[in-house]
Amino acid sequence: MTPGEAIARLRLARTDGIGPAQFATLLTRYGSAEEALPRIAGRFAVPSPGIIAREMDETQRLGARFLHLGTPDYPELLGHIPDAPPVLACLGNPETLTIRAIAIVGARNASAAGRRIAETIAEAATEAGLLVISGLARGIDAAAHAGALRHGPTAAAIAGGLDKPYPPEHAALQNQIAETGCILAEAPLGTAPIAKHFPRRNRIVAGLALGTIVIEAAARSGSLITARLTLEYGRELFAVPGSPLDLRNQGSNDLIRQGAHLTETIADILANLPAEPTPVLRRRTLIPLETAPQSTLSLDEDSPEAAQVLALLGNSPVAVDDLLRRCHLSPSVVQAILLDLELAGRVETSPGQRVALRPPGP
């Protein structure tokens, strides 16, 4: 990738209103971020090259590097998920992410028993040659990282920037992880980890691993978001049972009732962890830059073709495949129209390649 394209990709990724789905569609349609940026410049506030160059310099001074979706050093499993981060900042050794991985998540206010189980399973998983992934949070996450570090590397996905360890008392643990494993951040440097960032972090944890182990998750735990994403991404779900008298076990016990693998030891994991994820239909994958076809379409949201697509949309999401069957346009034309309509704020996409009209603003 050329330096110019690297800057352009980071500019596109840092543009408010351009999420992973729009990013992938723009690169596939125009062939490169350098070609895509002029097409959205009038509709979005794109960061200047100078701002992005400073971020790149500061990231390098920190000892980190960027991993771009669709390039060889980007984590392969993470690249399979439909909402893969376009760019990740990586502190440490990205080759760690080529190791077969298992994620461990659970309660922040974990019991002593829960932490001991997390440490024991993580230690045994590392001894068995697996990479343990977690989110560097208090409780189960920290215990999993600590157990893994006794025998090898571990990797963490964090909700803020690389320069904002969270919680603050885990700064030393973050540095220790980066020495042999790696820390991944989707957010730019200086970003404080706030509540809305954690579900985005959770998808990275789930996407990096072949399976996720849930230990002590309450009924409304954020760990259940990771569990749901694990299943959506075609990965295996494991849960450690706990006392029904402890509310911290309600969510994880429910997962077992719903079909998660009951997990007590590393043997339960090794017996059910596949070599590869279960195939998931309609994965949104980014075509490598070298082979991406550049679209010559010039349709916009006011074209007759767009009017035909809009007439078929309503407030309830409809699958793009259904839309294709109901209109008389080619798939490439429909995709181009949907991109323009989405960038114009007239339609919105949801998981599973479904689209609907965006509700009117206040």
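**Figure 1. Leu136 in the loop between strand 4 and helix 7.** In this predicted model, Leu136 lies in the loop that runs between strand 4 (131-134) and helix 7 (140-149), where helices (H or I, at least four residues) and strands (E, at least two) are DSSP runs numbered from the N terminus. Although Leu136 is not a glycine, its phi is positive, at about 65°. Residues are numbered from 1 along each chain as its sequence is written, and side-chain values use heavy atoms, with hydrogens and water left out. Because the model is predicted, local features need pLDDT of at least 70 and side-chain atom pairs count only at pLDDT 80 or more, while totals for chains, interfaces and linings use all residues.

Figure 2. The peptide bond from Tyr166 to Pro167 is cis, with omega near -5°. Pro167 is placed in the loop between strand 5 (154-158) and helix 8 (171-180).

Figure 3. A search of the whole structure finds 3 cavities of 30 Å³ or more, a cavity being a set of points, on a 1 Å grid over the protein atoms alone, where a 1.4 Å probe fits but cannot get out. The largest cavity has a volume of about 50 Å³, that is, the space filled by probe spheres set on grid points joined across faces, edges and corners.

Figure 4. Helix 5 (residues 76-79) gives the largest share of the lining, 3 residues, and the lining as a whole divides into 14 nonpolar, 2 polar and 6 charged residues.

**Figure 5. The packing of helix 2 on helix 15.** Helix 2 (residues 20-30) and helix 15 (residues 331-343) pack at an angle of about 135°, with their axes 11 Å apart; axes are lines fitted to C-alpha atoms over the stretch in contact, and angles run from 0 to 180 degrees between N-to-C directions. The two helices are therefore oblique to each other, the class left once angles under 35 degrees (roughly parallel), over 145 (roughly antiparallel) and 65 to 115 (roughly perpendicular) are set aside. The contact (heavy atoms within 4.5 Å) is made by Gln22, Thr25, Leu26 and Arg29 of helix 2 and by Ala336, Leu339, Asp340, Glu342 and Leu343 of helix 15.

Technical notes: 1 Å grid on protein atoms, 1.4 Å probe; cavity = no way out; pocket = protein on both sides within 12 Å on 5 of 7 lines; lining within 4 Å. Nonpolar A, V, L, I, M, F, W, Y, C, P; charged D, E, K, R; others polar.
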